[in-house]
Amino acid sequence: MSDITRLTAAELAAQLVAGEVSSYEATQAHLDRIAAVDGPVHAFLHVSAEEALATARGVDEARATGEDLHPLAGVPIAVKDVVVTRGLPTTAGSRILDGWLPPYDATLVSKIKAARLPILGKTNMDEFAMGSSTEHSGYGNTHNPWDLDRIPGGSGGGSAAAVAAYEAPLAIGTDTGGSIRQPAAVTGTVGVKPTYGSVSRYGLIALASSLDQAGPVTRTVLDAALLHELIAGHDPHDSTSLTDPVPAFGEAARRGAAGDLTGVRVGVVKELSGEGYQPGVLVRFEEGLALLRGAGAEVVEVSCPHFDYALAAYYLILPAEASSNLAKFDGMRYGLRVEPSEGPVTAERVMAATRGQGFGDEVKRRIILGTYALSAGYYDAYYGSAQKVRTLIQRDFAEAFGQADVLVSPTAPTTAFRLGEKLDDPLAMYLNDVATIPVNLAGVPGMSLPSGLSDDGLPVGFQVIAPARADERLYRVGGALEALLEARWGGPILAKAPELEVTR
Amino acid sequence: MRVPEAPGALTRLGAMSTLSRDEVARVAALARIDLTPAELDRLAGELDVIVQSVARVSEIATPDVPATSHPLPLSNVFRADEPEAPLDRDEVLAQAPAAEDGKFLVPQILGEDA
């Protein structure tokens, strides 16, 4: 029998429906794969084998009795550890939440459970999603399956690595400034940040509430579309949740895969390429553009002059929002409590001791930066100015979308760098997200899909951006580009990744 | 260090571009994070560089530009006023650092001198 773990989610779903394989077998195969390769990859912080197999068994029984099931029922999934799961440990990559068992499910988890996808476990991430390499996790690094000495991107390095290493066909990520798309780019996988409000934020441990959005992490554009359809939809528990009906993303992906983009206007963002981008990344980007042109798309250049200020605005808005969101970790109701080593044990001193010990370096940096930017005397100059830049960036997008249906850029300026390489230089680390951050500031949707290998043999990501509420354009254009590229490569890009050593 | 009232972007930029060790200690206290002296030294240097870099937002944030706090405009969002079951109390308290008699057990709120 062929290896179940190499199937895409759509292929596996079809085999489940056809009765060629059971969900139990598929789930067990992924658990075996996790056991075999996750030691060196370390994509998972917790593996929920028993629960996953119980769900799988239930799906198989329901299918046997002819019950009506969701198209993805029985397809296993991994969930980023920033998403709360009732009864499964949830830490957001932080020591301050070590061992916490949430008393409720995030809305997207409720949807996954209702559709009966076995949850394989929780994936590693930068602490509270602050980082671009997963090196800021409180529980050790995740390693890139393409080269174990390199970063898997971040903050969702665990979800991207799990999918790239065939430990899961589907995973959930969250993206505040690129945490789904940049890991996708450096691991040769697909990641989508939906329109802000497309997926409920209820039950995500909030980083920056006006930027956070959960989305799919997969190996194909169609799988991303199918997972996005499953987790999207209005939720009364999130006041920012869109009330629009969920479009047929899967249909858009299938239509795109037919390869005809006649009449589609593709805008190349001038400010998101050139200086600072690795030559091998730009070569692959240009190649992608040529394929889009060949498929009938009209490629135009657009300028978004204020994008040059996006990184600066982001590193004021994010820390400001994070500093208030993370105030709840005070050692009173959940998580770690540390008493001061000397002096009176008052609530305030316990809070400070708990946060001093429980938070890692990057979290402390950003909370202090955010507190500073919001403090009396600085608010207008920093946070106020950053909010104005946000307006200017939204206007840039509005102008650009007047000339193009989708915008495109490389997802990240470089391929995966070596673990440790940028750990001591926060600004260099922040630059990884220079092309993904404007998307979050404007609330528009963005996708990263593989566009080949750079001259260093490592994967490169191609970013597609659509206007707010037009996520289906990502799936149509992404589906087309993926089909054209795979025809050229003779198969998916991950087929070119070195085989991981299997340990048992 | 004070931010001058004058709106000139460059004046502001100049005034904002230092973050001393004392300032970091003051802000860390506001954020209720204990820092070791070594952490303070390192963070002060790193944060100063970051603050200098992000301060450039004021170059283009002119008074005529409105602020945006939310990506998509929304106002007065309410959900139906229907009772829902609360979280299970025992399940919640089981995750607390300390609990007693069905309540969170916390350290004394006020200092001895309060």
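Analyst: One term to start: two strands pair if DSSP finds at least two bridges between them. Also, this is a predicted model.
User: Okay. In which sense do strand 10 and strand 11 of chain A pair?
Analyst: Antiparallel. Strand 10 (residues 446-453) and strand 11 (residues 459-465) of chain A are joined over six bridges. Within strand 11 of chain A, A:V464 sits opposite A:M447.
User: How many residues lie between the strands in that hairpin?
Analyst: Five residues lie between strand 10 and strand 11 of chain A. In that hairpin, A:G457 has a positive phi near 80°.
User: Which way does strand 9 of chain A run against strand 11 of chain A?
Analyst: Antiparallel, with four bridges joining strand 9 and strand 11 of chain A. A:P410 is opposite A:F462 of strand 11 of chain A.
User: How many residues of strand 11 of chain A are buried?
Analyst: Seven of its seven, so to call strand 11 of chain A buried takes a cut-off: 20 or more other C-beta atoms within 10 Å of a residue's own. A:P459, A:G461, A:Q463 and A:I465 point one way from strand 11 of chain A. A:V460, A:F462 and A:V464 point the other way.
User: Zoom out. What is the strand order in the sheet?
Analyst: The order in chain A is 1-3-2-4-6-5-10-11-9-7-8. This is an open sheet of 11 strands, and the pairing is mixed.
User: Which strands stand at the edges?
Analyst: Strand 1 (44-47) and strand 8 (298-302) of chain A. Each has a single partner strand, so one side of each lacks a neighbour in the sheet.
User: And how are neighbouring strands of this sheet turned against each other?
Analyst: By 25° on average, direction ignored.
User: What does helix 5 of chain A touch on the sheet?
Analyst: Helix 5 (residues 157-164) of chain A packs on the sheet and touches strand 1, strand 2 (77-80), strand 3, strand 4 (170-174), strand 5 (190-193) and strand 6 (214-218) of chain A. The direction of helix 5 makes about 160° with that of strand 4 of chain A.
User: What about helix 16 of chain A?
Analyst: Helix 16 (residues 471-489) of chain A packs on the sheet too, touching strand 5, strand 9 (406-410), strand 10 and strand 11 of chain A. The direction of helix 16 makes about 10° with that of strand 10 of chain A.
User: Now helix 3 of chain A. Which of its residues are buried?
Analyst: A:A52, A:T55, A:A56, A:V59 and A:D60. They fall within an arc of 135° seen down the helix axis, so they line one face of helix 3 of chain A.
User: What covers those buried residues?
Analyst: The cover includes helix 2 (23-41) and strand 3 (119-123) of chain A. On the other side of helix 3 of chain A, A:E50 and A:A64 are exposed.
User: How far does helix 3 of chain A reach?
Analyst: Helix 3 (residues 49-64) of chain A has 16 residues and reaches 22 Å from its first C-alpha to its last, close to the 22 Å expected. Just after helix 3 of chain A, A:G66 takes a positive phi of about 80°.
User: New topic. How many residues of chain A are in contact with chain B?
Analyst: 60 residues of chain A are in contact with 51 residues of chain B. Helix 13 of chain A gives the largest share of the chain A side, 11 residues. By class, that side has 34 nonpolar, 18 polar and eight charged residues.
User: Where is A:Y334?
Analyst: A:Y334 is in the loop between helix 10 and helix 11 of chain A.
User: Why does A:Y334 count as buried?
Analyst: Because A:Y334 has 22 C-beta neighbours inside 10 Å. Leaving aside neighbours within four places in sequence, A:Y334 is in contact with A:W100, B:Q95 and B:A96.
User: Last one. What is the secondary structure of chain B?
Analyst: Chain B has four helices and two strands. From the N terminus on, they run α-α-α-α-β-β. Of the 114 residues in chain B, 19% are buried.

Technical notes
Residues numbered from 1 in each chain as written. Chains lettered and ligands numbered in written order. Predicted model: local features only at pLDDT ≥ 70, side-chain atom pairs only at ≥ 80, totals over all residues. Expected span 1.5 Å × (residues − 1). Buried ≥ 20, exposed ≤ 12 C-beta atoms within 10 Å, placed from the backbone. Arc of directions from axis to C-beta. Contact = placed C-beta atoms within 7 Å. Nonpolar A, V, L, I, M, F, W, Y, C, P; charged D, E, K, R; others polar. Axes fitted to C-alpha atoms, helices over the stretch in contact; angles between N-to-C directions.
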